[in-house]
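Here is a short tour to read with the structure open beside you. Take a look at the chains first, then follow along below.

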Amino acid sequence: MGIPTSSPASSADGSLPLLSVQNLSVEFRTGGEPVQAVRDVSFDLYAGEILGLVGESGSGKSVSMNSLLRLNPSPPANITGGSVQFMGTDLLSLPERQLRRVRGRNIAMIFQDPTTSFNPVQTIGSQIFEAMRVHDRGISRRTARLRAIELLDLVGVPSPKVRYAQYPHEFSGGMRQRAMIAMALANRPKLLIADEPTTALDVTVQAQILETLQEIQRETNLSIILITHDMGIIAEIADRVLVMYAGKIVETAEVEPIFGSPLHPYTRGLLSSLPRLDASVGDLPSIPGQPPSLNPPPAGCAFHPRCELSQHRERCRAEIPGLVHANGSQHDVACHFFTELRVPAPAASEER
Amino acid sequence: MSTSPLLPENIAATDAAATVSAAESRSAWQESPFRISMARFLRHRLAVAGLLILVALAVIAIFAPLISPYNPNATNLFLYQHPPSAAHLLGTDQEGRDVLSRLIYGARVSLTVGIAAAVSAGIVGLVLGLLAGFLGGWVDSIVMRLTEMVLSFPALVVIILIVAIIGPSLTTIIIVIALTQWPTGCRIVRQSTRSLKEMDFILTARAIGCSDFRIMLRHTLPSVLPPLTVALTVLSAEAILLEAALSFLGLGVNVPESSWGGMMQAAQSLTTLSSQPWLWLPPGIAIAVAVLAINFVGDGLRDAIDTRQQT
Amino acid sequence: MVAFVLRRLAIAVPVILGILLIAFCFVHLLPGSPIQMLINPNDLSGPDSAKYLASLRAELGLNKPLPIQWLDWMGQLLKGNLGYSYQQQVPVTSLIGQRIGATVLLSVTALLLALAIAIPLGVVAALKQRSGFDYASVGLSMFAISIPIFFLGLMAIYVFSLRLGWLPPGGISTLGVAGSFSDTVRHLALPACVLSAVLVGPYVRYVRQSMLEVLGMDYIRTAIAKGAPRMRVVFRHALRNALIPLTTVLAIQIPALLAGTLVIETVFAWPGLGLLVYDAISNRDYPIILAVVMLSAALVVLFNLIADVVAAVLDPRIRL
């Protein structure tokens, strides 16, 4: 049976998590009923691991990660509860001035569209310089420039000395994203949050960016939270995976069990709707229905109207399933009836 | 079994489907972009207030003979520059004419010039803007250079110059104001057309064989009208202010019923300015109120159509 | 960059030619012959005047085809001959020279005042969107663009000069104190403030709008995520980027500034080019009017050019 998770689990080697998010809730007020975009989200992140955060648009993945650094614009968005423990401090209760020292220094973030994420009228170099300058007023231009060029080289930007003095529009999409990564790494952060870093790029460039991230991670033991809607990317580089649906985490496991034996009906639906190269499929299955609206959020399990397992049982309709331990301590799932799953998931194929 | 809609067994089904879609179209009209924009506009309190003020002004202008207490041109030297009193609510001017009556009739001139000039400028701007935006190339270059040239001249000065040559009649002033204002409308229409030109529905129209002219008329024009309407409000406001300045300087309409600006000419003298505020305050306020109302309406329109374009 | 400037200059040339063409049409349409406009009337009296007139006619070519006349006329312009005032019988250039200082003083002061008010107002309004301050600023700018400038001027004189007696009602100097700095300032205060109202309205709206757009941009979020302090984000990223389109707006508003200057100079009896034109209108002194009109048009084209170049300097994307 499942053991409810209430205290932070420890990683395989027993060390404490780098980041521990407990019961994070965020709502959006745009006149009328507020939207509960993030509902009671808890998870841990350990040093050196790549945590993948998967979910569709509207699942709350970006909002929740933006909340770690309180980057959501505050009139519409409102953090209504929870704590974010990072290196011994709760980021949510830090005064703005001290939180600023965390941003870009201990925790860095890169965003989806590198084209609009850079200031178009300043050179790439000066923006990387700024990343260093705001945390170290005394840094000399020369030192910063050298380091920036070093970083650009590290992320694979060719001719870094020339590129330093160029403007964002003179870079290609992939190079811009690399420059973003360089800028994020400028102050040697412990954690990098990457919000859909490859969504706006070509597939071939995607692969290169992911490779770069992996290399950097290996060299510096950086922890990465990678937000994406693409299971392929998860399979490629994630160590552990969180699956989000309608503002809640519905399943978390290491990457192999997620693909090998997914326990939540939503995860199973996601995986079975992926087209496969090694088998022909008649009709591509898709999960029927739509995600629920979150203002107000549904009373019970948010997924139950679309769930084959649920069959509209009363418990699913009335009671929100909490995250419980399943196969071993590393696989948690939020479903009342996951034990009834007998049929192996379609993604549990011969390839693993 | 064939699904051709012409086979008898399928016609009944088609009929049924048609009835359903007719009902759907009726409810679709409820949600048409026009209705959505209207609803948005009505939510704008200031814009609605502005509209009401304009309607009131129009009513005053149209029914001036019925509302006005006196004949605005009736001079009576015995009533020379009387301050406001029960008989003359806004006093009398240097020739004994009732200020209130002149104010009411003044609405006619100011509003007529404003609207007529704006509409003329709008039409010219629409035609040139559509052509320039749609045809591009050398047509566009010529129209753009033309607009730059016209915009380089300060409107007021050019109007003064032309009126000085030709003489100030109502029509002349309307035409000349329109001549200096059309580039504003043209620019907006051209901008709109250029962005529309690239949209898929235009390309589709081309692909099915519509002629350029037809595309301009049936597909581009309706989408260009909303921003043009907003531009019209700006143009009217500008036209009213120009006419007022012109008349104030003594170069405007010379018909017996002077416009609001003309009523303020007397204030050029410091004594009048100081001791007969009832002569120049009411017309000044009237102009400000009218233009303010137009600007509110324009803002409301801008918001109403803007959001729609985002969907 | 040089290529950009040259390209921009190339565009300005046809516009200037167009302006000159329009002006030339005016020369022929205005009452009085074109010759009359250009000739120094003092040369016309005396025994040889008829022969002189004939030779000038030939030189300035009224018998030549119109395009050639146009070129000749432009040649005269380049030589600095803007015509002679009908009424005062002196070269227009000298009249302009006398008066231009006052106009420049007035318009530049008004412009700087407008910017000094509009930029902070617009920025703060954008930062505090939907606050009372924001609504007040928007309301103020709406009011400023709706009120006729001469009316504002009249009210200003009425309140501050005639009723309160703080400032003089017009003119540039008080008799006997000519040239004193404080006296000039006292005379400049009202007209400059009223004239700046012409510009403040549109400027506040543009600054606010531009700032709002920029604040919604992704790179602002990036700057915050980097840990930049709020002030730095507002000034180095938001404001700096928001002001770029303002250069174009400034240039577009120049004609409005010039027209407003004319009205204000008339209302306040300020002895600048505007008042010169107004008097010239009353006296049917067309050479003066025409010359000033051309001058303003040329200024507008020049300012547009400068604005475009400045925008290209500030925004590297434009240079492409």
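## Confidence

Chain C has an average pLDDT of 83, and 89% of its residues score at least 70; pLDDT is the predictor's confidence in each residue, on a scale from 0 to 100. Within chain C, helix H9 (residues 218-225) has the highest confidence, with a mean of 93, while helix H2 (residues 34-38) has the lowest, at 64. Helices (H or I, at least four residues) and strands (E, at least two) are DSSP runs, numbered from the N terminus. The model as a whole scores pTM 0.82 and ipTM 0.84.

This is a predicted model, in which local features need pLDDT of at least 70 and side-chain atom pairs count only at pLDDT 80 or more, while totals for chains, interfaces and linings use all residues. Residues are numbered from 1 along each chain as its sequence is written, and chains are lettered from A and ligands numbered from 1 in the order in which they are written.

## The sheet in chain A

Now to chain A, where four strands make an open, antiparallel sheet in the order E2-E1-E4-E5. E2 and E5 (89-90) of chain A are the edge strands, each with a single partner strand, so one side of each has no neighbour in the sheet. Two strands count as paired if DSSP finds at least two bridges between them.

## Partners of strand E1

Strand E1 (residues 19-28) of chain A runs antiparallel to E2 (residues 35-45) of chain A, joined by seven bridges. Here Glu27(A) sits opposite Gln36(A). Six residues lie between the strands of this hairpin, where Gly31(A) adopts a positive phi near 75°.

E1(A) also pairs with E4 (residues 77-86) of chain A, antiparallel and over eight bridges. Leu19(A) has Phe86(A) as its bridge partner in E4(A), and Val26(A) has Ile79(A).
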